[in-house]
Amino acid sequence: QCLDNLVGEHGLVKPGGLLVLSTTGDWSTTYTPKSQWLGGYTDAAGTEVRTLDGVNAVMKGLQGEMEMIHREDVPMVMRQDARNFHFKMVETSIWRRRASSADL
């Protein structure tokens, strides 16, 4: 997964840096195989798995280097054509990479 490249010696997010993730939570097999969905489905036990649940699980698997510092629903308007617009709420989370191993 691309999120695996966030941390490590040559990680995309530098120690102390921020990562902003925004998603509508719309998952489609057209773009992503269902086996790679982070949320937007019901598991075998019948529990709803939200995208943020999946993102949290991925972040916990990154040696504990990423911590969520803020989460917010942000309104978004998408223009479909000259007369039609589509309104959605975008789930936005902000993550900070710990500055050093001493912060763990």
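## R98, E67 and the basis of the model

R98 is partly exposed, with a relative accessible area of 24%, and partly exposed here stands between buried (under 20% relative accessible area) and exposed (over 50%), as found with a 1.4 Å probe and protein chains only. E67 is partly exposed as well, at 28%. The side chains of R98 and E67 meet in a salt bridge at 3.9 Å, N to O, a salt bridge being a side-chain nitrogen of Lys or Arg within 4 Å of a carboxyl oxygen of Asp or Glu. This pair links distant parts of the chain, with R98 in the segment after strand 5 and E67 in strand 4, 31 residues apart.

The model is predicted, so local features need pLDDT of at least 70 and side-chain atom pairs count only at pLDDT 80 or more, whereas totals for chains, interfaces and linings use all residues. Residues are numbered from 1 along each chain as its sequence is written, and side-chain values use heavy atoms, with hydrogens and water left out.

## Overall architecture

The C-alpha atoms fill a box of roughly 55 × 35 × 20 Å along the principal axes, and 27% of the 104 residues count as buried.

Among contacts (heavy atoms within 4.5 Å) with a separation of 6 or more, 57% join residues 24 or more positions apart.

Helix 1, residues 51–60, has T51, L52, G54, V55, V58 and M59 as its buried residues. They cover an arc of only 160° around the axis, which puts them on the same side of helix 1; the arc is that of the directions from the helix axis to the C-beta atoms. The buried residues pack against strand 1 (18–23), strand 3 (48–49), strand 4 (66–79) and strand 5 (85–97). T51 is buried at a relative accessible area of 8% and, leaving aside neighbours within four places in sequence, is in contact with T23, G25, W27, L38, G39 and G40.

The largest nonpolar core has 13 residues, and those with the most contacts inside it are L6, L19, M59, L62, M66 and W95. Helix 1 supplies the largest share of this core, four residues. Such a core is a set of buried Ala, Val, Leu, Ile, Met, Phe, Trp, Tyr and Cys residues joined through side-chain atoms within 4.5 Å. Not counting residues up to four places away in sequence, M66 touches V7, V13, L19, M59, W95, R96 and R97.

## Other salt bridges

The structure holds six salt bridges. One of them joins the side chains of K88 and D26 at 2.1 Å, N to O; K88 lies in strand 5 and D26 in the loop between strand 1 and strand 2 (41–42), so the pair ties together parts that are 62 residues apart in sequence.

E65 and R97 form a salt bridge through their side chains at 2.6 Å, N to O. This pair also links distant parts of the chain, with E65 in the loop between helix 1 and strand 4 and R97 in strand 5, 32 residues apart, and both residues are buried.

Note on methods
Helices (H or I, at least four residues) and strands (E, at least two) are DSSP runs, numbered from the N terminus.
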